[in-house]
Structures are given as structure tokens and as C-alpha cells.
Amino acid sequence: MYSNIIPAVLAFWIQITGFEVSIDVNSPAVEFGDSIEMNCSTTCQKPSMNVEYKPGVNATRTDSSTWYNDYFQSVQNWDFTLACSVICKSENLQLKEKKMFVTVYSK
């Protein structure tokens, strides 16, 4: 009896939730001049991933089809926001974005 309900509920849940985008940071705060690392990932099967930072903010990137990792060797901006933007080709070009503000401090 329940064996027919569970797959139907699961399929309904998958259709509602679509895909996810997440940002993970090795630290929510960083001292001015120190490094920080950020990972953006998605559950979308055919993503187009993009990120834009303010001029002068440079990262070393490693990536795959569903994630990228940005390493900032030296944070030189007091206003430092990490962003991840994904357009999912397998979800009718749906766009999802995540942003995270990182606290930059001085001793």
C-alpha cells in the first residue's frame, strides 16, 4: 500500500525543490591581508556557473561541472562579498544565486 505513495511523494518533492546552490567558506571572517577560500556547488545536472567580484578582487579557481573553488590569497577589500550564480539548463534555464558577506577585520 505505501510502496506506491513514497515514490509519488518523492517525485513531487523533487519537482518542487528543483536544484540547490550552496556556498561554503573556510571562515566567516578574515583579517585584512589574509587568505580565504570559497566553494560554490549546485545539484543542477547541467549548470552554467558564474561569479563576478569587484575590480581588483582576484581569485585562483579550480572547478568541475557542478562546483568551483576560489582561493583568495590576500583579501584587500574591507567590503568583501562572495557570490555564486547558477543558471540550470536542465531546469528550463532557472537562475539561482547565493551571496555571503565576509567580515574583514584588523587587529
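**Nonpolar surface patch and core**

Leu95 is partly exposed, at a relative accessible area of 46% (buried means under 20%, exposed over 50% and partly exposed in between, with a 1.4 Å probe and protein chains only). The model is predicted: local features need pLDDT of at least 70, side-chain atom pairs count only at pLDDT 80 or more, and totals for chains, interfaces and linings use all residues. Residues are numbered from 1 along each chain as its sequence is written, and side-chain values use heavy atoms, with hydrogens and water left out.

Leu95 lies in strand β8 (residues 94-105); strands are DSSP runs (E, at least two residues) numbered from the N terminus. Together with Ile87 and Leu93, Leu95 makes a nonpolar surface patch of about 280 Å². Patches consist of residues with over 30% relative accessible area and no salt bridge, and nonpolar side chains are joined within 5 Å.

Strand β7 (residues 80-88) contains Ser85, which is buried at 15% relative accessibility. Beyond residues up to four places away in sequence, Ser85 touches Leu95, Lys96 and Glu97 as well as Ser48, Met49 and Asn50 (contact means heavy atoms within 4.5 Å).

The largest nonpolar core has 22 residues, of which Ile36, Met38, Tyr53, Phe72, Phe80, Leu82 and Cys84 touch the most other members. Such a core is a set of buried Ala, Val, Leu, Ile, Met, Phe, Trp, Tyr and Cys residues joined through side-chain atoms within 4.5 Å. Two or more residues each come from β1 (21-25), β3 (36-42), β6 (67-72), β7 and β8, and β7 gives the largest share, six residues. Outside four places in sequence, the contacts of Met38 include Ile23, Val25, Tyr53, Phe72 and Leu82.

Technical notes: Patches are made of residues with over 30% relative accessible area and no salt bridge: like charges are joined within 9 Å, nonpolar side chains (Val, Leu, Ile, Met, Phe, Trp, Tyr) within 5 Å. Accessible areas come from the Shrake-Rupley method with a 1.4 Å probe; for residues, only the protein chains shown count as cover. A salt bridge is a side-chain nitrogen of Lys or Arg within 4 Å of a carboxyl oxygen of Asp or Glu. Helices (H or I, at least four residues) and strands (E, at least two) are DSSP runs, numbered from the N terminus.
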